[in-house]
Amino acid sequence: MKKIIKNILQYAGALLLAIVIAALLRFFIVDFYSIPSDSMYPAIEPGDFIVVNQLYMGARFYKNLDFLEGARPETVRVPGYSSLKRNDVIVFNFPKYNQDGIWELDPQTFYVKRCVALPGDTLSIVDGINIVNGKSGYGNLQDQQRLHQYRGDYAPGIFHAFPFDTRHGWNIRDFGPLYIPAAGNTITIDSSNYPLYHTIISHETQTPIRISRGKIYLGDSLIRQYTFRKNWYFICGDKVFDSRDSRYLGPIPEDFIVGKASLVLTSKDPYTKNYVWRRFFKKII
């Protein structure tokens, strides 16, 4: 009997150690996501099971679990070994509006997109081509060329883009220029750029912002300039004609980002459920 109990305890200990190691890997090093859509085709295909490198820009943790009861999700990030670069593919939490109409991350919804512009960059889309700081070469160039040459009709909800106002009139062919906020940088805030940054400012301050008679009010305070508190990123899907990304949302903040998508681990055809062997261990670039 003692030998049986000893064996049971050894197996239980080994199982517990394996669980702890797996949990540490998920929290600090890598995470895994199954991709249901084709918005990142051809870099990522529907049915791909991808590995996300959390060490790259530093593992992100929730400060507490109060958001499970309806509180605002708050995160903290430990230092990573690198910083996000243009054309990196990332996984991030999709934004949602809370009851006060202020952006917060949705802890249950994850998207995968490509980082096109970094904090401090200026981005434009000129006749369908992404231009960052005066240069092209960011995002899926082949699909951008398709958009550049396209002269047909667009499906509903595709053509018009952020910030969806008549003053700017931006669309997926002609967009910007848009300055991507960097932490510590200060801008003048007025009626002309209010549509571009009001969501960002209200998110960072957790305070409603409004415009009245051409003047900007943060809560009850009149503001004429604003210093950004976070780094923001402009992200795009590789499938230019069908991707819900920063062209419609605007930039996303760094604390929404989980990590860099680095590898397709396995893949299954979403219709036949057969393994797609050519996708196994494929590097995401």
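The model is predicted, with local features needing pLDDT of at least 70 and side-chain atom pairs pLDDT 80 or more, while totals for chains, interfaces and linings use all residues. Numbering starts from 1 along each chain as its sequence is written, and side-chain values use heavy atoms, without hydrogens and water.

A cavity is a set of points on a 1 Å grid over the protein atoms alone where a 1.4 Å probe fits but cannot get out; its lining residues have an atom within 4 Å of a point. Points are joined across faces, edges and corners, and the volume is the space filled by probe spheres set on them. There are 2 cavities of 30 Å³ or more.

| Cavity | Volume | Lining classes |
|---|---|---|
| Largest | about 100 Å³ | 5 nonpolar, 6 polar, 4 charged residues |

Of the 15 residues lining the largest cavity, N130, Q144, C236, V240 and R247 lie nearest its centre.

The second largest cavity is lined by F162, L196, T199, I200, L249, G250 and P251. Helix α3 (residues 194-205) gives the largest share of this lining, 3 residues; helices are DSSP runs of H or I, at least four residues, numbered from the N terminus. In α3, 11 of 12 residues are buried, meaning under 20% relative accessible area (1.4 Å probe, protein chains only). Among them are L196, T199 and I200. Just after α3, Q206 has a positive phi of about 55 degrees.

How values were computed:
1 Å grid on protein atoms, 1.4 Å probe; cavity = no way out; pocket = protein on both sides within 12 Å on 5 of 7 lines; lining within 4 Å. Nonpolar A, V, L, I, M, F, W, Y, C, P; charged D, E, K, R; others polar. Helix = DSSP H or I, 4+ residues; strand = E, 2+ residues; numbered from the N terminus. Buried < 20%, exposed > 50% of the residue type's maximum accessible area, 1.4 Å probe, protein only.
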